[in-house]
Amino acid sequence: MSEQTTEQKIVVVTGASSGIGRGAAIEIAARGMGVVITYNSRPEGAEETVEEIRRNGGSAVALPLDIGRSETFGGFADALAGVLRSEWNADRIHGLVNNAGFGGGLAFEDMTESAFDDYYRVLLRGPYFLTQALLPLVEDGGAIVNVASSAVGPGDTEPGYSGYAAMKGGLVVASRFLAKELSGRGIRVNSIAPGPTRTRLGDNGFERYPEVIAPLAAKTAFGRIGEPADIGKVISFLVSDDSAWITGQDIQASGGYAL
Ligand SMILES: NC(=O)c1ccc[n+]([C@@H]2O[C@H](COP(=O)([O-])OP(=O)(O)OC[C@H]3O[C@@H](n4cnc5c(N)ncnc54)[C@H](OP(=O)(O)O)[C@@H]3O)[C@@H](O)[C@H]2O)c1
C-alpha cells in the first residue's frame with residue numbers, strides 16, 4: 001500500500017443517517033477530521049448529515065452499508081478506499097466508529113431464533129467483522145469505538161432486552177480483547193455505553209411514544225434524556241488523540257442514568 005499523502009485524519013462512522021451516528025459524525029468533523037458516514041435504508045438522512053457537516057466547513061462522504069451482511073464488507077472496503085483517494089487523496093483511515101444498530105425489545109418468551117439471529121448479525125457479528133475487514137485500512141495509532149449500551153451494566157435491566165443487551169455485552173467484551181490484541185499497532189479500542197438518547201431508535205419510538213421520555217428523564221441524574229450531540233462529543237473525544245491514553249474501556253455516557 002502506498003504512503004498516506006494527506007495529514008488529515010479520516011474516520012468512518014456507521015449508521016450516521018440519524019441519531020447518535022449523525023451526532024458523532026458532526027462532532028468528529030468539528031474537530032477537523034474528514035468523515036465517511038454510512039446509511040442503510042435512509043439515504044436522505046445520510047444526505048442531511050453530509051450537508052450539515054459541509055455547511056459547517058467540514059468534509060464528509062456517504063456510502064451505503066448493511067452491517068448485517070458481512071459478505072458485502074470486502075466490497076465496502078473497496079468503495080471506502082475509492083472515496084479516500086478521490087475525496088482526500090488518502091489511503092488510510094484514522095478511526096472506525098461501529099455505531100449502526102437497531103433497538104426495540106422482545107420478551108424472552110416471544111424470542112425466536114430468527115429474531116435472536118437478527119440482533120446477533122447487526123449488533124455483534126457485523127461490527128466485529130467490519131472491523132476485521134477495515135483493519136488493513138486503519139493507520140497505526142488509530143482508534144476504534146464500538147457503540148454498546150447502558151443496558152449492559154447494572155441498573156438498566158429492563159424486561160424484553162435480553163437479546164439486545166446480550167449482543168451489546170459481547171461487543172464490550174470483544175472491545176477489551178481487541179484493545180490488547182491491536183495494541184502492538186498502537187490502535188486503541190474502546191466502547192461507549194449511551195443511556196436513553198433521543199434518536200430514531202425502535203422505529204422512531206421517542207417521537208411515536210413521547211410519554212416514555214419523562215420516566216427515563218426521572219431515572220437520570222441530570223433530569224433529562226441524552227441528545228445525539230451529548231454522545232457524539234464523547235465519541236469524537238474517543239477517536240481523537242486527546243484520549244490517546246485510554247484503551248480497553250467501556251465509557252458510560254448517560255447523564256447518570258440509573259446511578
Ligand atoms: N438511542 C438510545 O437510547 C441508545 C442507547 C444505547 C445505545 N444505543 C445504540 O446507538 C446506536 C445508534 O442508534 P440510534 O439510537 O442513533 O438509532 P437511530 O437513530 O435509529 O440510528 C440507527 C442508525 O443505524 C443504521 N442501521 C440500522 N440498521 C442497520 C443495518 N442493518 N445496517 C447498517 N446500518 C443500519 C440506521 O441507518 P438507516 O436509518 O439508514 O437504515 C441509522 O443510521 C445503536 O447501536 C444503538 O443500539 C442507542
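Setting aside neighbours within four places in sequence, Val13 is in contact (C-beta atoms, placed from the backbone, within 7 Å) with Gly21, Ala24, Ala25, Ile28, Val35, Ile37, Val97 and Asn99. A quick note on what you're looking at: this is a predicted model, where local features need pLDDT of at least 70, side-chain atom pairs count only at pLDDT 80 or more, and totals for chains, interfaces and linings use all residues. Residues are numbered from 1 along each chain as its sequence is written.

Val13 also turns up in the largest nonpolar core, which has 62 residues. Such a core is a set of buried Ala, Val, Leu, Ile, Met, Phe, Trp, Tyr and Cys residues joined through C-beta atoms within 7 Å. Buried takes 20 or more other C-beta atoms within 10 Å of a residue's own, exposed 12 or fewer, and partly exposed is in between, with C-beta atoms placed from the backbone. Those with the most contacts inside the core are Val11, Val13, Ala25, Val35, Ile37 and Ile192. Helix 1 gives the most to this core, with 6 residues. Helices (H or I, at least four residues) and strands (E, at least two) are DSSP runs, numbered from the N terminus.

## Thr14, next along

Thr14 sits in the loop between strand 1 (10-13) and helix 1. Is Thr14 buried or exposed? Thr14 is buried, with 26 other C-beta atoms within 10 Å. Not counting residues up to four places away in sequence, Thr14 touches Gly21, Thr38, Leu65, Ile67, Val97, Asn98, Asn99 and Ala100. Thr14 and Tyr39 are 25 residues apart in sequence, yet 6.9 Å apart in space, C-alpha to C-alpha.

## Helix 2 and its two faces

In helix 2 the buried residues are Gly45, Ala46, Thr49, Val50 and Ile53. Down the helix axis they fall within an arc of 140°, so they line one face; the arc is that of the directions from the axis to the C-beta atoms. Helix 1, strand 2 (34-39) and strand 3 (60-64) are among what covers these buried residues.

Turned away from that buried side are the exposed residues Glu44, Glu51, Arg54 and Arg55. After helix 2 comes Gly57, whose phi is positive, near 90°.

Notes:
Two residues are in contact if their C-beta atoms, placed from the backbone, lie within 7 Å.
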